[in-house]
Each structure stands twice: as structure tokens, then as C-alpha cells.
Amino acid sequence: MQRRTPPPPGRLGRPRSAAADEAILEATRAALVDLGWSKLTLGDVATRAGVAKTTLYRRWAGKNELVVDAVAVLFDELELPDNGSLAADIEGVVLQFAAILDRPETKTALMAVVAESTRDAPLRERIRTSIVDRQKRLVLEGRARAERRGELPSDDDPFVAAATADLIFDVVAGAVVHRTLVSAEPVDGEWVRRFTALLLGGLAAASP
């Protein structure tokens, strides 16, 4: 009897379809806008995406994880523009961030998962790893570019640099999310310029 060779590690099961994932995440955002968090079901998402319900359960353990991933891909669109100066770069990315937050699907999804996360520690961790940690790359990229330009002094202490990056991200994200989703005020060019000046003033004061 011929002996079968086992499949190599990491190749077990049916491969994931990028097109199916994209359709599912898009359907999730649309369902949130139409139905809201409480009425959203994986069955409705599957119908909208044109996939079997079991397809969703193979990829996501439940609604919480699915919605976080549906929001996370929106923020992955953020890019730090190279506008010639740190101030101009910050203004550019803040305007992008505010535009993403202003989308109906982002507003509904983000507010819903943040509210749910207040009583769900694993959901808070997924938000942190899937959204927050992934977008801190913009702070690190902007800081490195500003150091190359001579706009900011280099920080040779990795622990201090990481703590500073965390603080900058918290300040930017907190201010823009509050302005857009809580206060419901516009993030226009004038507000962004004033905010950037305030942020850069703080960075200068914090530099050794």
C-alpha cells in the first residue's frame, strides 16, 4: 500500500480567499450602518457578502472580532504624506484620519466596539492590537523622517522613544476622535493648523 505524504505545515484546510474577506468586511460595515450593533448578525453579514455562514465562523469567533477587523482595514488606508516638513506631514495625516472617522460606517462601527469593549477585556485587546498598534507606525515613521530632516533631535533610548510614540499617538488620536465623534465639530484646515502648532510646541518642550 502506498504511503501518503502528509501536507506541509501551514497548508492544512482550504486557503482563505482575499476577495471573500473583503466582501465580508464590506458587508459588515454596511450592515452596521443599516441595522446598528444590536441587530447585526453574522447571518445577515453572510447573506450580504454572498458567502455561507460557516465561512464567517471559520475566520472570526464572533461579531466583536468581525467588527473590529472591519474597522481596522479602514484605518490601514492612512498614509503619512511627505509634504516637506513635520508640520505639513502632521496636517496631512490628521485630515486623512478625520475624513475616515467622518464616514458613516466608521462612526457606527468604532463607537459600537468601543462601547462593547468597556465590559469585554478580550475585545479591548483586539482593538489595541488590530487598530491602535498598527497605526502607531505613522508616528514612528513621522518621527524618523523629522529626525532625518533635522527638525527633531534623535532619541537613542528605545524605551523613551517608544513611550514618546505612545504619547503622541494618544494625543493625536484622542483629540481627533473626540472632535469628530464626541463633539461632532469639523476638523477643517484651520483647526488642524492650530492643533499641529500645539502638538509641535509640546514636542519641542519635551525634547532634551
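**Entry 1: Glu147 and Arg143**

I started with Glu147, which makes a salt bridge to Arg143, with 3.2 Å between the closest N and O atoms. This is a predicted model, so I take the side-chain detail as predicted too. I looked up where the two sit: both are in helix α7, 4 residues apart, so about one helical turn separates them. An α-helix has 3.6 residues a turn, so residues three or four places apart point the same way. Glu147 is partly exposed at 28% relative accessible area, whereas Arg143 counts as buried at 18%.

**Entry 2: Arg145, also in α7**

Arg145 is found in helix α7 as well. Is Arg145 buried or exposed? I find a relative accessible area of 11%, so Arg145 goes down as buried. Its side chain meets that of Glu141 in a salt bridge, 3.2 Å from N to O. Glu141 is partly exposed, at 35% relative accessibility.

I then asked what Arg145 touches beyond its neighbours within four places in sequence. The contacts are Leu80, Pro81, Asp82 and Asp89. Two of those names came back when I looked for networks: Asp82 and Asp89 are linked by salt bridges in a network with Glu141, Arg145, Arg149 and Glu151.

**Entry 3: the other salt bridges**

How many salt bridges does the whole structure hold? My search gives 19. One I noted joins the side chains of Arg103 and Glu77, at 2.7 Å from N to O. Arg103 lies in the loop between α5 and α6, and Glu77 in the loop between α4 and α5, so the pair ties together parts that are 26 residues apart in sequence. Both ends are partly exposed: Arg103 has a relative accessible area of 25%, and Glu77 comes in at 40%.

**Entry 4: the overall fold**

I stepped back to the whole chain. I count 9 helices and 0 strands. Of the 208 residues, 38% are buried. For contacts between residues at least 6 apart in sequence, 66% join residues at least 24 apart. The accessible surface is about 12,100 Å², and carbon and sulfur atoms account for 56% of that.

**Entry 5: helix α2**

Which residues of α2 (42-49) are buried? I get Leu42, Val45, Ala46 and Ala49. They cover an arc of only 100 degrees around the axis, so they are on the same side of α2. I checked what they pack against, and it is α1 (18-35), α3 (53-59) and α4 (63-75).

**Entry 6: the core**

Val45 turned up again in the largest nonpolar core, which has 54 residues. Val45 is among those with the most contacts inside this core, along with Leu66, Val67, Phe75, Val94 and Val176. Helices giving at least two residues each to the core include α1, α2, α4, α5 (86-101) and α6 (104-117). I followed up Val67: leaving out residues up to four places away in sequence, Val67 touches Thr28, Leu32, Trp37, Leu40, Ala109 and Val113.

**Entry 7: aromatic pairs**

I end up with 2 aromatic pairs. One of them, Trp191 with Phe195, is stacked, at 5.2 Å centre to centre with 5 degrees between the planes. Both residues belong to α9 (189-206), 4 residues apart, so about one helical turn lies between them. Trp191 counts as buried at 15% relative accessibility, and Phe195 is buried at 9%.

Notes:
Residues are numbered from 1 along each chain as its sequence is written. This is a predicted model: local features need pLDDT of at least 70, side-chain atom pairs count only at pLDDT 80 or more; totals for chains, interfaces and linings use all residues. Side-chain values use heavy atoms; hydrogens and water are left out. Buried means under 20% relative accessible area, exposed over 50%, partly exposed in between (1.4 Å probe, protein chains only). Contact means heavy atoms within 4.5 Å. Accessible areas come from the Shrake-Rupley method with a 1.4 Å probe; for residues, only the protein chains shown count as cover. The arc is that of the directions from the helix axis to the C-beta atoms. Rings of Phe, Tyr and Trp (its six-membered ring) pair if their centres lie within 6.5 Å; planes under 30 degrees apart count as stacked, over 60 as edge-to-face and the rest as tilted. A nonpolar core is a set of buried Ala, Val, Leu, Ile, Met, Phe, Trp, Tyr and Cys residues joined through side-chain atoms within 4.5 Å. A salt bridge is a side-chain nitrogen of Lys or Arg within 4 Å of a carboxyl oxygen of Asp or Glu.
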